[in-house]
Amino acid sequence: MKSKDNILKKSIWVFHLNTGSCNACDIEILDALTPYFDVERFGIKLVASPRHADLVLLTGPITLKTLPKVINALRAVPRPRYVMAIGACAVGGGIWYDSYSVIGGVDELKKILEEYGIEIDKIVYVPGCPARPEAIIYGVALLLGLVKQKVAKEVKIIE
């Protein structure tokens, strides 16, 4: 039996899921798939069905209108189930985080999915408004274990 790491060492197939975004992050995803960035050299391929996907590229705040469809799509993704939240809206809800028609970002979605018995094995956060193609590629490389996560070792407060 293959471990999760062995599965991801081969090509990774992604499914793009828009949950109510303004399409800015969607355009950046399409840009990352163009020959200029050429993510297929890393084995990243866009698929039409979540049933064939290893990774779901989630853009936009999760609206109440799209929530049932998002749950169905994520339920269809085989295990191990990975999600990449792309853009400020998918990460935390963006400017609509407290709107009446939005549940928030991917963390709120994860809580709802747990109620339905749907587990997400790993979530990668790619912030930005919109997230740049380089950041999206970095997020996939981080998921694949090709690079280490960049974090500041200490936070400096300048007064």
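Strand 3 and strand 5 (residues 82-86) run parallel and are joined by 5 bridges. Helices (H or I, at least four residues) and strands (E, at least two) are taken from DSSP runs and numbered from the N terminus, and two strands count as paired if DSSP finds at least two bridges between them. The structure is a predicted model, in which local features need pLDDT of at least 70 and side-chain atom pairs count only at pLDDT 80 or more, while totals for chains, interfaces and linings use all residues. Residues are numbered from 1 along each chain as its sequence is written, and side-chain values use heavy atoms, with hydrogens and water left out.

Within this pairing, L57 stands opposite M84 in strand 5. Strand 3 (residues 55-59) also pairs with strand 1 (residues 12-18), again in the parallel sense and over 5 bridges. Strand 3 is mostly covered, with 5 of its 5 residues buried; here buried means under 20% relative accessible area, exposed over 50%, and partly exposed in between (1.4 Å probe, protein chains only). The side chains of L55, L57 and T59 point one way from the strand, V56 and L58 point the other way, and all are buried.

The UniProt record, in an unreviewed entry, lists residues 22-141 as "domain: NADH:ubiquinone oxidoreductase-like 20kDa subunit". UniProt positions are given in the numbering used here, feature names are shortened, and annotations may be inferred rather than shown by experiment. In the model, this span is 37% helix and 19% strand, and its end C-alpha atoms lie 25 Å apart.

Empty space inside the model was examined next. Rolling a probe the size of a water molecule over the atoms shows where empty space is left. The calculation used a 1 Å grid over the protein atoms alone: a cavity is a set of points where a 1.4 Å probe fits but cannot get out, a pocket is an open set with protein on both sides within 12 Å along at least five of seven lines, and lining residues have an atom within 4 Å of a point. Grid points are joined across faces, edges and corners, and a volume is the space filled by probe spheres set on the points. A search of the whole structure finds 1 cavity of 30 Å³ or more, and the volume of the largest cavity is about 80 Å³.

The largest pocket has a volume of about 220 Å³. Of the 13 residues that line the pocket, V124, Y125, Y138, L142 and Q149 lie nearest its centre. Strand 7 (122-126) and helix 6 each supply at least two lining residues, and the largest share, 5 residues, comes from strand 7. Y138 also takes part in a contact with a charge: the charged end of K150 sits over its ring, 5.3 Å from the centre. Such a contact requires NZ of Lys or CZ of Arg within 6 Å of the ring centre and within 35 degrees of the ring normal.

A search of the whole structure finds 1 aromatic pair. The ring centres of Y36 and F37 are 4.9 Å apart and their planes stand at 85°, so the pair is edge-to-face. Rings of Phe, Tyr and Trp (its six-membered ring) pair if their centres lie within 6.5 Å, and planes under 30 degrees apart count as stacked, over 60 as edge-to-face and the rest as tilted. Y36 is exposed at 71% relative accessibility, whereas F37 is buried at 11%.

Several backbone features occur in loops. A cis peptide bond with omega of about -5° joins R79 and P80, and P80 lies in the loop between helix 3 and strand 5. The bond from C129 to P130 is likewise cis, with omega near -10°; P130 is found in the loop between strand 7 and helix 6. N23, although not a glycine, has a positive phi of about 80°. This residue lies in the loop between strand 1 and helix 2 and is partly exposed, with a relative accessible area of 39%. D38, also not a glycine, has a positive phi of about 50°. D38 lies in the loop between helix 2 and strand 2 (44-46) and is partly exposed, at 32%.
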